[in-house]
Amino acid sequence: MIPCHWWLFWMATAWAYTFNITYAPWPEVSDRQDVALRSERDLTRPVPINLLSHIGINLTSVVFAKSGVSSQSMTEVSNLLTTGVQAYTVNLYWNEFSEKWQLCPVPYDVGGGAIDSSWDCSVDITVNDLLMEFSNYCSRTNTEWDSTVLRMTVRLYDLPKRNTSLPVATDVAVGNNSLAASFAPMKQWMYTPHDLDNVTANASHYVNVSTFPTFDTFVLTDLKRMIVSVDQDHVSNMTHGYNFTDADKQLLFTSSSTASTIIYNANPELSEQCRDINNGSLSFTPVKDALYYITDYGMTPFTQEEVNNYLRCGFSPLISNITSVSAMEQFYPFGFWSWSAGQPVLSGERFSTDQGNNDPIEAYNCVALYEGGYAVSDCYNQYYYACQSRIDGRRWHVSPKDDKRSYFDGYKDDVCPNGYEFSIPRSPWDLQNLNQVLLQQQIDFPIWVDMNEITVPDCFVTGGPYAQCPYKRVFTRKQLVKSIAPSFVVSAFLLLLVILEKFVRLNPIQTNRKAYWRRVINEFNENHDYEGVPS
């Protein structure tokens with residue numbers, strides 16, 4: 001007889017084949033990438049979302065131009081989301097013949113294919129399908145452990161003029177006739193201009209540069225995950241041109257909204273400063289409520305170092321000049337404004353290589369700011385401390401010269417000046433402000449910042465060596481003893497009873513019962529004791 005669980009297996013398999021269900025293989029995210037993503041996210045929880053920077057990609061030039069507008073490209077978008085890419089740009093094209101928005105940059109012919117053979121465009125893949133990939137990702141990661149902020153900038157174009165003698169489809173039912181309808185699958189996750197108009201101003205030092213909600217409010221209170229802005233509007237005002245509807249303006253951030261998208265490619269001075277961010281020459285205050293992007297589209301491809309510097313500068317670099325989606329992997333180690341490339345080194349990979357440290361006591365559980373960003377260091381190393389003003393978070397100070405100490409001394413009262421406390425930059429803007437102070441005070445890297453993973457391996461937290469990991473419960477030895485003591489006492493008592501039963505068996509009832517039956521049997525034998533063979 002076949003076990004029940006095998007029947008269930010074969011039934012599920014048959015059901016999957018019947019309905020032609022297929023599952024795309026999910027890419028594996030490295031443990032280091034996973035820890036870096038989550039720790040940077042947790043660090044930025046009190047920061048307005050528009051001041052955060054994320055590594056990004058141009059979907060049109062990298063995905064659709066190479067894999068076509070197809071089901072395969074939708075799988076690649078899903079893989080990008082899974083591996084931690086959080087910023088996107090995409091071109092949408094207005095088809096004046098069908099009056100629909102589409103991902104394909106050329107019209108469809110009467111057979112439902114692209115009239116330009118250089119593009120592989122499936123009529124079945126619409127803007128809705130692209131947004132469904134984002135919506136599905138938000139649904140399956142809608143937890144405190146996995147949730148992230150996504151951002152997208154959209155470029156609008158009308159389709160290029162084509163030879164009118166070509167057979168162009170006018171009735172191909174592909175796409176939607178409004179932007180609001182195209183983005184409908186993501187509506188529940190999108191933060192809108194109306195939401196921003198009704199937000200409660202934050203009371204932090206970011207109030208002068210942002211009215212956007214903090215990460216915590218955005219994700220955990222408002223239950224939002226994405227902000228979409230229109231970057232360029234190239235749609236011509238012709239007879240069949242597209243005009244923004246009220247629903248579009250309520251859903252998408254445009255140039256007329258409070259927030260504006262700023263592309264700084266045309267600003268070589270600022271770009272040059274970002275390329276060499278550690279020289280301290282960068283000094284600018286973010287435009288209030290602006291969303292910062294920078295792209296290499298039509299330009300020299302970004303290098304890994306440039307991507308990292310732009311992130312630390314506060315820009316989300318939109319990578320456009322790579323040969324395939326898989327080529328994004330080369331940028332992942334450099335894809336954080338906070339961590340140095342290749343950091344954090346995980347607990348199982350650490351070894352003692354810090355220069356100048358001969359102390360036999362080692363504890364690679366603390367974080368210091370190096371020239372390239374945050375990196376794990378031995379807590380007993382002697383560095384200065386990053387001190388932040390309790391009143392004005394834009395102001396930083398480094399502990400007095402000739403007063404280098406271990407990480408654990410950072411929480412003593414005499415480490416930071418009055419009104420300051422041991423802290424850590426939580427945004428690229430904060431990091432720039434601290435770098436300015438290091439330059440002014442002529443302090444060399446590294447310096448201690450308030451982050452460690454002392455209580456739980458690979459769970460980086462702020463707030464001191466006793467700060468608890470929010471995702472894993474930590475048992476101290478005392479707590480462990482308290483938790484097992486009642487069970488231990490009960491088990492010991494039961495064991496004692498078993499020992500007494502085995503070795504000190506005192507059961508008068510059982511003893512009397514045996515004596516009684518022995519007497520009855522003897523009396524019977526005496527009264528019925530016959531000699532010889534009965535006749």
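Setting aside neighbours within four places in sequence, R32 touches G342, Q343, P344, L346 and E349. Please keep in mind that this is a predicted model.

**Around R32**

- Helix α2, which spans residues 31–43, is where R32 is found.
- Is R32 buried, exposed or partly exposed? With a relative accessible area of 29%, R32 is partly exposed, because buried would call for a value under 20% and exposed for one over 50%.
- R32 and G342 are 310 residues apart along the chain, yet 8.1 Å separates their C-alpha atoms.
- A polar atom of the R32 side chain lies 3.5 Å from the backbone oxygen of P344, and P344 is also one of the contact residues of R32.

**Helices α3 and α4**

- Helix α3 (residues 59–67) packs against helix α4 (residues 71–82) at an angle of about 145°, and their axes are 9 Å apart.
- The crossing of α3 past α4 is right-handed.
- On the α3 side, the contact is made by L59, V63, F64 and S67; on the α4 side, Q72, S73, M74, E76, V77 and L80 take part.

**Aromatic pairs**

- To describe a pair of aromatic rings, one gives the distance of the centres and the angle of the planes.
- Counting ring pairs with centres within 6.5 Å, the model has 25 aromatic pairs.
- W94 and Y242 form a tilted pair, because their ring centres are 4.9 Å apart and their planes stand at 55°.
- Which parts of the chain does the pair of W94 and Y242 tie together? W94 sits in strand β2 (residues 87–95) and Y242 in the loop between β6 (226–233) and α9 (246–251), so the pair joins parts 148 residues apart in sequence.
- W94 and Y242 are both buried.
- The rings of W339 and F460 make an edge-to-face pair, because their planes are at 70°, with the centres 5.1 Å apart.
- This pair, too, links distant parts of the chain, 121 residues apart: W339 is in the loop between β9 (316–319) and β10 (366–370), and F460 in the loop between β15 (447–452) and α13 (477–503).
- W339 and F460 are both buried.

**An aromatic cluster**

- Which residues do ring pairs link into a cluster? The members are Y380, Y383, Y385, Y407, F408, Y411, F422 and W448.

Conventions. Residues numbered from 1 in each chain as written. Predicted model: local features only at pLDDT ≥ 70, side-chain atom pairs only at ≥ 80, totals over all residues. Heavy atoms only, no water. Axes fitted to C-alpha atoms, helices over the stretch in contact; angles between N-to-C directions. Helix = DSSP H or I, 4+ residues; strand = E, 2+ residues; numbered from the N terminus. Left-handed = near helix turned anticlockwise from the far one by under 90°. Contact = heavy atoms within 4.5 Å. Buried < 20%, exposed > 50% of the residue type's maximum accessible area, 1.4 Å probe, protein only. Polar contact = N/O pair within 3.5 Å; in protein donor to acceptor, adjacent residues only side chain to side chain. Phe/Tyr/Trp six-rings, centres within 6.5 Å; stacked < 30°, edge-to-face > 60°.
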